[in-house]
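This briefing sets out the architecture and selected local features of a two-chain model. Please consult the sequence and the structure alongside the text.

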Amino acid sequence: MKYLDILKGAAVAAAVTVAGLAPALAQDYPTGPVTIVVPFGQGGATDQLARMFAPALEERLGQPIVIVNQPGAGGAVGLANLAVSRPDGYTFGVGSDSTLAARPIMDSSGYTSESFDTVARMVSIPSGIAVAADSPYETLDDLVQAIRGGENLTWSGSGIGSGPHLAMAVFLAQNDLEATYVNSNSGQEAMVKLLSGEVDFFSGGGSNYPPMIGDDGSSDIRVLALAAEERWQYLPDVPTHTEEGYPYLRSQWFGLVAPAGIPQEAIDAMSAAVQETLEDPAFQDRLDQFYFNPAYLGPQEMAAAIEEEAAAFRPILEEAGLAAD
Amino acid sequence: MDLISHLAGGFAEIADPLVLLFVLIGAIVGMVFGAAPGLTATSAIVLFLPVTYAMGPTTSMALLLGIYCSGYFAGSIPAILLNTPGAPGSAATALDGYTLAMQGHGDRAIITAIVSSFVGGLFSLTLLALIAPSLARVALSFTSVEYFTFALVGIVCVAGISRGSMVKGLAAAFIGILASTVGLDPVSGVGRFLFGQPNLMGGIPTTAALIGLFAVAQMLLLSTKRRDDAEVLPAQETTPVSVVIGDLVRNKWLTLKSAAIGALIGILPGTGPSIASWVSYSDALRTAKPGDKYGKGEVKGVIACEVSNNAVTGGALVPLLTLGIPGDPVTAVLIGALMIQGFETGPFFIPQNTELFYAILLLLLVSNILMLVIGISGRKLAAKILQIPHGIMVPCILVVAGAGAFSIASNPFYLKLVIIFGLLGYLMVRFKFPTAPAVLGIVLGPILEQNLRNALTANQMDPTIFFTRPISLVTLMFMCLLLWAWLKPTKQKKGKATDAEMSG
């Protein structure tokens, strides 16, 4: 199966070269294979998501989808190269809240918010906050009151400028709270810091938590709240921030973008294919495996969502000295 | 009780003809690469890494661990027959091995090397099975403070690898650390040394640096070198394996001690088979009995080196699987191999992937057995690899290296990096700077930096935290002990080098 994929990839790469020489885009898009750049390594959640989407999109578009993994700098390297690739409608990339809304504000990103055309938001995971099971903080309110009471607490999440980092930083700023951020390279590394007692609380997308909880409900961690509108289907016992008295909505999401200036028909066709895929009940079962919620937004809505998040992130990034001048 | 069911699970994982086939392929590849001078187990693993992308985790580990075990051993074949160690770890073996070959006992030396490697491998495997699961549990209580001191010991050990010139070893390590600072600052997120090149945001991938420093540099060196004809050895008498086993049994304490030294050195982050074989060789010298003729064809010399350099394999996997810190350059590549399969090494690895962990243990066992069988049956053939003309070998390896570099991240930019690091590696080897410390510098640099900064941030910038946490304090004291042990003999030999070393 996998070997076949590689052979297919090679054949497709050759076909792409030929297609590149062909004259302008035909009306009946797509006429050739479509590349999706995953700016993360093989095996990660983003990669699995793209590989789950690929066969469904192939079926709807009638052309092979090629996944190219180009990892580096939390997704920024792959997107920087996508930004300068040919806007012919045959190259797309997977972006996220942090790479599309925060990274362009930051120094030395290699792209700006104008570098891409938004195509479709695909899935989201609510942001969450957790403490170790032996922590004195039983609820989100306990934690907030402790910080207000002058306790110097530390926290961690997957990397500075990442979705989980920004989600918590925005929450703390909105509630006038101060806590010390200790950096980690991945969500798992941050989880190790939580369990070792090095940090007092943890910020991460909801998908971090279910694997940590045993079948009998026992766990080394306690999830205090999730920043969603309603309770999350995979953790029905965990309250929302709003229920806890601190209204806050934030999710980590993934969506398709393309280099700016691609033909409108390519955007429309791809966006429609993503929407149809997400509406397929069989596909939703597969999303369950990775604790993703289907979260389709069309091209304009997605662009608006990015702008809104960028506005929330900007003051945080400026205060941290990360924003470009 | 638990162990048995886990082992059974592991068996189920590896009881697949494809998996076993790949261990075999790995063992043969390791044998070839180890025996060819200039090619090492490390370069073999780097070159074959891209092949594993499409495999499952068990198959991929099967191939890589097969290369790992037999590659570490095979370097001793050219060391014994040609006085040219196939890998740095076999340099010490040449001392007695080559002398034995000149006396017509080359076959005995090779069989001794094979059997000793097997014993060393088994010893370290047992150690890994016994301590890794419990260490993983302990590791969950480690914080940035401990990780920083471990990495610091690693850097100190790196300096120790480079016997002869500790200064050059340290310089090479610092070149690696410098290269590791390229990319987004891991703590503040600001870009460093990007030169307007977005591809550098992700930093320099260890694999690209490894391919450049090891494979490309060595090929450049080979292509400038004229072929040396092997000195003519006397006809070699064949030795039955039973004689060699008798040797080992007679020297059981030496064997055990060398195995322990090898495994412990493997556990230390940053050290590898080179230092292990030198340390146990010098220890064997220290405890030599009257009548031993070390350096003039002493079988015990071969035993000490070979037992310990293969005992490194299991030991080096301990910090990799429990802390996510590589024990030697090869395990640094294994981190990447596991990551591609979706596994993150660290304290969660064993609890969450128990089956895979036991499969890895069994694969190591199988690799060691295969190494023994292939080594004994194919030892004459392996010597032939030395005769492949450079004109064929160099271009082949370079093509594979290029393909490997591209496939790290389907990014053509990394090809440029590999060329740059190849030239750098060539210059380093020409001017006798060891390249292994540079690679470990790239791996350990970020661990040092991030954990130092995190430890201080989390503790209100209070540096005393490194002395008040017990494990960290013990580690630092151990480091001082190592430094003392390494610097003392050098001081006696030549006093004027001392200043430079103290400041380094």
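The points below treat each chain in turn and then selected elements and residues.

The model is predicted. Chain A comes to 10 helices and 10 strands, and chain B to 23 helices and two strands. Buried residues make up 56% of the 325 residues of chain A and 60% of the 504 residues of chain B.

**Overall form of chain A**

- The secondary structure of chain A consists of 10 helices and 10 strands. Its radius of gyration is 20 Å, close to the 20 Å given by the globule rule for 325 residues, so chain A is as compact as a globular protein of that length.
- Along the principal axes, the C-alpha atoms of chain A fill a box of roughly 65 × 50 × 30 Å.
- Among the contacts in chain A between residues at least 6 apart in sequence, 76% join residues at least 24 apart.

**Surface and charge of chain A**

- Chain A exposes about 13,500 Å², and 51% of this area is supplied by carbon and sulfur atoms.

- Strand β1(A) covers residues 34-38, and five of its five residues are buried.
- Both faces of the strand are covered: V34(A), I36(A) and V38(A) are buried on one side, and T35(A) and V37(A) are buried on the other.
- β1(A) pairs with strand β2(A), residues 65-69, in the parallel sense over five bridges. Within this pairing, V37(A) stands opposite V68(A) of β2(A).
- β1(A) also pairs with strand β3(A), residues 91-96, again in the parallel sense, over three bridges. Here I36(A) stands opposite F92(A) of β3(A).

**The loop residue P33(A)**

- P33(A) lies in the loop between helix α1 (2-21) and strand β1 of chain A.
- Why does P33(A) count as buried? Its relative accessible area is 12%, and the cut-off for a buried residue is under 20%.
- P33(A) and Y90(A) are separated by 57 residues in sequence, yet their C-alpha atoms are 7.0 Å apart in space.

**Helix α3 of chain A**

- Helix α3(A) spans residues 76-83; seven of its eight residues are buried, so the helix is largely enclosed by the rest of the structure.
- The buried residues of the helix are A76(A), V77(A), G78(A), L79(A), A80(A), L82(A) and A83(A).
- Which elements do the buried residues of α3(A) pack against? They pack against β1, β3, α4 (97-102), β4 (116-132) and β9 (251-259) of chain A. Two of these elements, β1(A) and β3(A), pair with each other in the parallel sense.

**Overall form of chain B**

- The secondary structure of chain B comprises 23 helices and two strands.
- A compact globule of 504 residues would have a radius of gyration near 23 Å, and the 22 Å of chain B agrees with this.
- The C-alpha trace of chain B spans about 70 × 60 × 55 Å along its principal axes.
- Of the contacts in chain B with a separation of 6 or more, 79% are accounted for by residues 24 or more positions apart.

**Surface and charge of chain B**

- The accessible surface of chain B comes to about 19,600 Å², of which 70% belongs to carbon and sulfur atoms.
- Chain B has 29 positive and 23 negative side chains, and the centres of the two sets lie 9 Å apart.

**Positive phi angles in loops of chain B**

- K432(B) is not a glycine, although it has a positive phi of about 60°. Its place is in the loop between α19 (413-430) and α20 (436-458) of chain B.
- Is K432(B) buried or exposed? K432(B) is exposed, with a relative accessible area of 65%, where the cut-off for exposed is over 50%.
- M461(B), which is likewise not a glycine, has a positive phi of about 60°. M461(B) is placed in the loop between α20 and α21 (465-468) of chain B.
- M461(B) counts as exposed, at 56% relative accessibility.

Definitions and conventions
Residues are numbered from 1 along each chain as its sequence is written. Chains are lettered from A and ligands numbered from 1 in the order in which they are written. This is a predicted model: local features need pLDDT of at least 70, side-chain atom pairs count only at pLDDT 80 or more; totals for chains, interfaces and linings use all residues. Side-chain values use heavy atoms; hydrogens and water are left out. Helices (H or I, at least four residues) and strands (E, at least two) are DSSP runs, numbered from the N terminus. The radius of gyration is taken over C-alpha atoms; the globule rule is 2.2 Å times the number of residues to the power 0.38. Buried means under 20% relative accessible area, exposed over 50%, partly exposed in between (1.4 Å probe, protein chains only). Contact means heavy atoms within 4.5 Å. Accessible areas come from the Shrake-Rupley method with a 1.4 Å probe; for residues, only the protein chains shown count as cover. Two strands pair if DSSP finds at least two bridges between them. Lys and Arg count as positive and Asp and Glu as negative; His and the chain ends are not counted. The place of a charge is taken as NZ of Lys, CZ of Arg, CG of Asp or CD of Glu.
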